[in-house]
Each structure stands twice: as structure tokens, then as C-alpha cells.
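This briefing looks at the aromatic side chains of the structure shown below and at the charged groups that accompany them.

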Amino acid sequence: MTDQENHSQVQGTPCFKPVSSKVDFPAMEREVLAWWRETGMMRKYLDRNEGSDRRWSFIDGPITANNPMGAHHAWGRTYKDLYQRYKTMQGFKQRYQNGFDGQGLWVEVEVEKEMGFNSKRDIEAYGIDRFVEACKERVRRFADIITQQSIRLGYWMDWDNSYHTMSDENNYTIWHFLKTCHEKGWIYEGTDVMPWCPRCATGLSEHEIVTEGYKE
């Protein structure tokens, strides 16, 4: 190719707008979030397959609402969102219901730290009813924080319809289930061996032992 031909080809190249080498990613994020709000894009996505007769059931394993989300929470939620979006693209109607776990022991420990308690006797002196309400308030507070974090993450769920494991609806459902099992003779009393925390005066699950570093 001659220099003249090469010059002619360059001259015919379409012009592009200059792109700054210093990209303000937080500003870009705010612009996208604002566009989602202005266009109601999340609601359109959630209602897209409302009339479909194809159903796909996804029950969200609830995140513990005890602290803000960490990177590992965001990672897991991204995978959840990936599967739901895939099924949405296929035309399946879904519930898009997020969940929050008011997991007792971990929430209690954090509230004890906030209040400067050193033992369970401090809770009794403070008032068990008042302490329980403080735990519920902590769950509600961090549920709101996690909701906003998840929206920023692009996790589109029916956020006004999130379920809580501490709700009366959840507890009464479990009690009714146990009552029905008892009436059918499916529940029996037995003896089992399990790890026990002398400080917290409660049994410990295997998951709590692994994460809290308990030793024999």
C-alpha cells in the first residue's frame, strides 16, 4: 500500500469521542443507579414474566443481617442473581423473594458487645425482653443496609417483600408444623450429645464451631 493510499484510509476512519484515562467509577455507578430508578427498570424486570405459565422456584438461603455485607456475601449473591436472571431470560415466572436470617447467637453476641455486657447475668439484669428487642432492632438495621448494598450490586429482587426468619409468620408456621408432627406421632424425646458453650449457655452448631474457633 502506498503512503497516499494509507493516508486516504486513515482519513476515512470514523471519529470517536475521546475517552478519559481517569475514569470515575463511583460516578458511573451513581448514574446507572439513577437511570434504574428513573426508568423503573427493576420493577419492569421483576414483572416481565408475570403472565407466564412456566414457573421456576428459587428460595433464597437468607443472609444473616448482623453486619454489612462482605466480599464473600457479594460473591454468593452474584451467583444467585446469575441463575435467576438466566431463568428470567428463558421466560420463567419467579418470586424474587430475598430473605434475612435473624440468627440468634451471633446477633446476641454483637449486641452484648455494643452494650458492654460480660455475661448472661448482665442480660437478665438489663431485661430479657429489652435485650430481645435490641437484637431485633439490630437485624432490622442491617437488613436495610444489606438491601441498599445489594441494589448497588445489581441484585434485583422484590425488596419490599423480603422474609425474616424472626417474623411471627415464620415462627407460627414452624410451630404449626411441629404441632402437626406431634399429633401424627412423628416426634419423640431422646438423648443426644452436642457441643455446648458454657459462656453463652447454648448448644453450638458445627458451622459455629468452625467459624468461631472453639477447641476441646
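The structure holds nine aromatic pairs, where rings of Phe, Tyr and Trp (its six-membered ring) pair if their centres lie within 6.5 Å, with planes under 30 degrees apart counted as stacked, over 60 as edge-to-face and the rest as tilted. The model is predicted, so that local features need pLDDT of at least 70 and side-chain atom pairs count only at pLDDT 80 or more, while totals for chains, interfaces and linings use all residues. Residues are numbered from 1 along each chain as its sequence is written, and side-chain values use heavy atoms, with hydrogens and water left out.

**Ring pairs and burial**

- The pair of Trp-56 and Phe-58 is stacked, because the ring centres are 6.1 Å apart and the planes lie at 15°.
- Trp-56 counts as partly exposed at 23% relative accessibility, whereas Phe-58, at 19%, counts as buried; buried means under 20% relative accessible area, exposed over 50% and partly exposed in between, with a 1.4 Å probe and protein chains only.
- Tyr-155 and Trp-159 form an edge-to-face pair, with 5.8 Å from centre to centre and 75° between the planes.
- Tyr-155 is buried with a relative accessible area of 1%, and Trp-159 is buried with 12%.

**Cluster and charges over rings**

- Trp-36, Tyr-45, Tyr-96 and Trp-156 are linked into a cluster by ring pairs.
- Arg-85 lies over the face of Tyr-45, at 5.0 Å from the ring centre; a charge sits over a ring if NZ of Lys or CZ of Arg is within 6 Å of the ring centre and within 35 degrees of the ring normal.
- Lys-87 lies over the face of Phe-92, at 5.0 Å from the ring centre.
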